[in-house]
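Have a look at the structure first, then read on.

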Amino acid sequence: MEEFIRWCAFLGAWLLVAGPIYQAIQELKSEDIERDVLVTATEVVGPPKHTSPWWWLIPPVAWWLRQKRQRDYQLKVALVLDDEEYASLLSFVNKAWGWLVVGLGAFLIAIKETWELFEHREWSHGAYVATVVGMLVLCFFHSAAREAHDARAQRMRAAGITG
């Protein structure tokens, strides 16, 4: 029974990774964000200032300068957008961050559950790493396959094809 529970925890944890990836794609795809508007806004503002590589001799200062310039650039782009466009962008970014946090939390749980299964079975560390990478690829593949299936079904429906 203990073996069964370990396998359930392993599979359940990886389903918790696959779910947020798929749900994030669905929700973010439905967001009303116009890429052309963002491209135009970034062209109006111009490229952000680059931090001199010399600042990396003092990494905390380089990091702070880079962050400050990035914030300044983002503010300039935001000011070019109208209220509706900015609200749409903000909604997209907030949902993306939310799903990133959920997915990352699930991934950390999946790493733990996979480790516990491999430790219990006394399998090699190389097999563990290969399994984690393989399962992560499988999670992304699942979402890509679902998207391809949905697109194919929509094309068939538009063409009036049944079966």
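About 290 Å³ of space lies in the second largest pocket. A pocket here is found on a 1 Å grid over the protein atoms alone: it is an open set of points where a 1.4 Å probe fits, with protein on both sides within 12 Å along at least five of seven lines. Its volume is the space filled by probe spheres set on the points, and grid points are joined across faces, edges and corners. Why roll a probe at all? Rolling a probe the size of a water molecule over the atoms shows where empty space is left.

The second largest pocket has 15 lining residues, and I21, W99, L100, G103 and F140 are the ones nearest its centre. Lining residues are those with an atom within 4 Å of a point. Two or more of them come from each of α1 (2-30), α4 and α5 (125-159). Helices are DSSP runs (H or I, at least four residues), numbered from the N terminus. Sorted by class, the lining of this pocket holds 13 nonpolar, two polar and no charged residues. For that sorting, Ala, Val, Leu, Ile, Met, Phe, Trp, Tyr, Cys and Pro count as nonpolar, Asp, Glu, Lys and Arg as charged, and the others, Gly among them, as polar.

Before going further, bear in mind that this is a predicted model, where local features need pLDDT of at least 70, side-chain atom pairs count only at pLDDT 80 or more, and totals for chains, interfaces and linings use all residues. Residues are numbered from 1 along each chain as its sequence is written, and side-chain values use heavy atoms, with hydrogens and water left out.

Now for the largest pocket, with a volume of about 370 Å³. Which elements give two or more residues to its lining? They are α3 (59-80) and α4 (83-121), and α3 gives the most, with six residues. Among the residues around this pocket are T42, Q70, Y73, V77, Y86 and W97. Its lining divides into nine nonpolar, three polar and no charged residues.

Let's stay with α3 for a moment. Its 22 residues should span 32 Å at 1.5 Å a residue, and its end C-alpha atoms are 32 Å apart, so the two agree. (The expected span is 1.5 Å times one less than the number of residues.) In α3, the residues A62, L65, Y73, V77 and A78 are buried, meaning under 20% relative accessible area, while exposed means over 50% and partly exposed is in between (1.4 Å probe, protein chains only). The buried residues of α3 pack against α2 and α4.

Next comes α1, with 29 residues and a reach of 42 Å from its first C-alpha to its last, close to the 42 Å expected. Its buried residues include F10, W14, V17 and I21, and the buried residues of α1 pack against α4 and α5. Is S143 buried or exposed? It counts as buried, because its relative accessibility is 1%. S143 touches A18, I21, Y22 and I25, leaving aside residues up to four places away in sequence; touching, or contact, means heavy atoms within 4.5 Å. The side chain of S143 also reaches the backbone nitrogen of Y22 at 3.4 Å.

Follow α1 to S30, which is found in that helix and counts as exposed because its relative accessibility is 57%. S30 and S91 are 61 residues apart in sequence and 11 Å apart in space, C-alpha to C-alpha. Then there is E31, in the loop between α1 and α2 (35-45). At 14% relative accessibility, E31 counts as buried. With residues up to four places away in sequence not counted, E31 touches S88, S91, F92 and K95.

E84 lies in helix α4 and is exposed, with a relative accessible area of 63%. K112 is also in helix α4, but K112 is partly exposed, at 41%. The C-alpha atoms of K112 and A9 are separated by 9.8 Å, although these residues are 103 residues apart along the chain. In the loop between α4 and α5 you will find E122, which is exposed with a relative accessible area of 73%. Phi of E122 is near 60 degrees, a positive value in a residue other than glycine.

Notes
A polar contact is a pair of N or O atoms within 3.5 Å; within protein, one must be able to donate a hydrogen and the other to accept it, and residues adjacent in sequence count only if both atoms are side-chain atoms.
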